[in-house]
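Visitor: Please take me through one part of this model in close detail. Then link it to what surrounds it.

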Amino acid sequence: MKYENRQPEEGINVSKGSPVKAFLQLVISTALLLAVSVFFLYLSGAWLAKKIPFRYEEAIMEKIDVDFGSQETDQDIREYLNELSARIAVHLPNPDEVSYTVHYEPEDVFNAYATIGGNIVFYKGLIKQLPNENALAMVMAHEMAHVSHRDPVAGLGGGVASAVALSTVFGSSGSQYASTFINGAGGLTAVQFTRKMENNADDAAILAVSKLYGHTVGADSLFRHIDEKREQSSKPDWLARFSSTHPLDSDRVENIKAKTLELELPTTGETTPLPGLW
Amino acid sequence: MSNVLVFLALLLCGWFFGRRAEKRHYKSIIERELEFNALPAIASRIPPADAAYDQQLVAGSTVVSSDYFKSITAAMINIFGGEVKPFEALIDRARRESILRMKAEAKAVGADMVFNIKMETSQIAAGRTGAIEVLAYGTALIPRNTVKFSNTNAAMSV
């Protein structure tokens with residue numbers, strides 16, 4: 001008997017086709033799958049979280065004892081801010097249980113935010129930039145509207161639901177950098193919701209400010225101010241719109257203007273000066 | 001942003017170096033296969049009865065690791081299912097390389113052919129590097145009175 005090894009043709013055990021093309025097809029499919037999953041998970045997580053009674057939010061915040069700045073100093077500023085929030089609250093659509101606590105952080109940070117338990121934090125860096133009380137009331141009404149719409153707890157619920165589910169499905173399928181891609185794709189879907197929340201909060205805020213002062217003068221001055229001061233971004237507008245958690249400042253000014261026209265809110269009147277406590 | 005750049009850089013490196021290594025390796029495999037076809041490796045368990053042979057175990061082992069590009073592509077295929085094509089060439093190379101190494105060992109001990117060849121794979125550092133070992137082994141048939149000593153295996157002298 002004759003034994004021999006013949007040289008077989010190449011490519012029998014290896015499939016043909018471009019690996020780069022296959023890779024790109026997979027990336028697109030994975031991104032679509034992520035977007036659809038996060039869309040439904042975020043929606044259901046947020047919907048469920050809004051069912052949690054507001055008193056539970058307060059109880060959780062009490063338990064974890066978050067430090068929102070010193071309670072000893074700047075007593076007069078905190079009193080003023082809480083008094084302003086009380087004046088605004090009567091003009092916001094307030095669900096029964098919701099209450100607001102405004103905190104003041106004497107740091108040079110340009111920010112204000114609302115978190116669970118009705119806690120709203122204002123930084124000195126932001127207040128210093130405001131030209132009048134109307135602008136401050138607009139920002140405060142915006143943050144209070146987030147609380148009244150239950151946005152902080154909805155964001156938390158939606159975020160946790162999508163993060164847990166995504167890490168269960170995709171957690172073991174890649175290394176650290178692949179997770180970055182997955183989280184990025186999921187995050188981009190999630191910010192589409194937060195921008196909607198921001199727009200709804202702006203709508204509620206402009207109405208409340210108009211009711212409080214009898215007009216909307218000065219309400220949009222913060223966003224005008226930021227938009228003018230902002231350095232030219234390297235991102236094109238369409239990309240910034242898609243990837244940002246907040247609407248563009250220029251879009252917010254336009255939205256406020258459109259809402260003012262739609263509801264025929266008064267656009268003339270005197271602005272109220274700030275008390276000059278800072 | 002820096003994470004995204006590192007991710008893209010690793011992908012590009014994986015694709016470029018992986019592709020280059022694959023091309024070079026296949027070229028070398030085909031050249032050596034043509035050379036070693038004169039020393040057949042046969043799966044049959046029954047050796048030829050027409051001559052007297054001494055027998056000796058010979059083995060060839062290769063450890064291969066995936067590159068970043070292949071690993072990420074395979075991870076995405078893992079979600080949807082289907083053929084894991086990026087690994088096919090990797091396994092094909094490892095299998096053929098192992099047979100070539102086994103034949104090289106057989107040649108070194110003066111064998112005419114290798115019978116009863118078998119192959120085994122085992123995963124190494126599972127989940128971390130994605131490396132596997134492919135082991136080919138068989139019985140080298142050495143024409144009687146020509147037993148030599150290989151580098152790795154001591155053959156019995158008759």
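Guide: A residue counts as buried if 20 or more other C-beta atoms lie within 10 Å of its own, as exposed if 12 or fewer do, and as partly exposed in between, with C-beta atoms placed from the backbone. This is a predicted model, in which local features need pLDDT of at least 70, side-chain atom pairs count only at pLDDT 80 or more, and totals for chains, interfaces and linings use all residues. Residues are numbered from 1 along each chain as its sequence is written, while chains are lettered from A and ligands numbered from 1 in the order in which they are written.

Start with Val153(A). It belongs to helix H6 of chain A, residues 151-170 (helices are DSSP runs of H or I, at least four residues; strands are runs of E, at least two; both are numbered from the N terminus). Val153(A) is buried because 23 other C-beta atoms lie within 10 Å. Beyond its neighbours within four places in sequence, Val153(A) is in contact with Ala49(A), Lys50(A), Ile52(A), Glu57(A) and Ile116(A) (contact means C-beta atoms, placed from the backbone, within 7 Å). Take Lys50(A): 103 residues separate it from Val153(A) in sequence, yet the C-alpha atoms are 6.6 Å apart.

Now the sheet of chain A. It is open, has three strands in the order S1-S3-S2, and its pairing is mixed (two strands pair if DSSP finds at least two bridges between them). S1 (101-105) and S2 of chain A stand at the edges with a single partner strand each, so one side of each has no neighbour in the sheet. From one strand to the next, the twist averages 20°.

Look at the hairpin. S2(A), residues 112-115, and S3(A), residues 119-123, pair in the antiparallel sense over four bridges. Ala112(A) has Phe122(A) of S3(A) as its bridge partner. Tyr113(A) stands opposite Val121(A) in S3(A). Three residues lie between the two strands, and Gly117(A) in the turn has a positive phi of about 80°.

Helix H5 of chain A, residues 133-148, lies across S2 and S3 of chain A, at about 20° to S2(A). Axes here are lines fitted to C-alpha atoms, for helices over the stretch in contact, and angles run from 0 to 180 degrees between N-to-C directions.

Next, Leu277(A). It sits in the segment after helix H10 (249-262) of chain A. Leu277(A) is partly exposed because it has 13 C-beta neighbours inside 10 Å. Leaving out residues up to four places away in sequence, Leu277(A) touches Asp76(A), Ile77(A) and Tyr80(A). Asp76(A) and Leu277(A) are 201 residues apart in sequence and 7.5 Å apart in space, C-alpha to C-alpha.

Finally, the partner chain. In all, 22 residues of chain A are in contact with 27 residues of chain B. On the chain A side, helix H1 (19-49) and helix H7 (176-213) are the elements that give two or more residues. H1(A) gives the most, with six residues. By class, this side of chain A has ten nonpolar, eleven polar and one charged residues (Ala, Val, Leu, Ile, Met, Phe, Trp, Tyr, Cys and Pro count as nonpolar, Asp, Glu, Lys and Arg as charged, and the others, Gly among them, as polar). Chain B has three helices and three strands, in the sequence pattern α-β-α-α-β-β. Of its 158 residues, 30% are buried.

Terms used: Contact = placed C-beta atoms within 7 Å.
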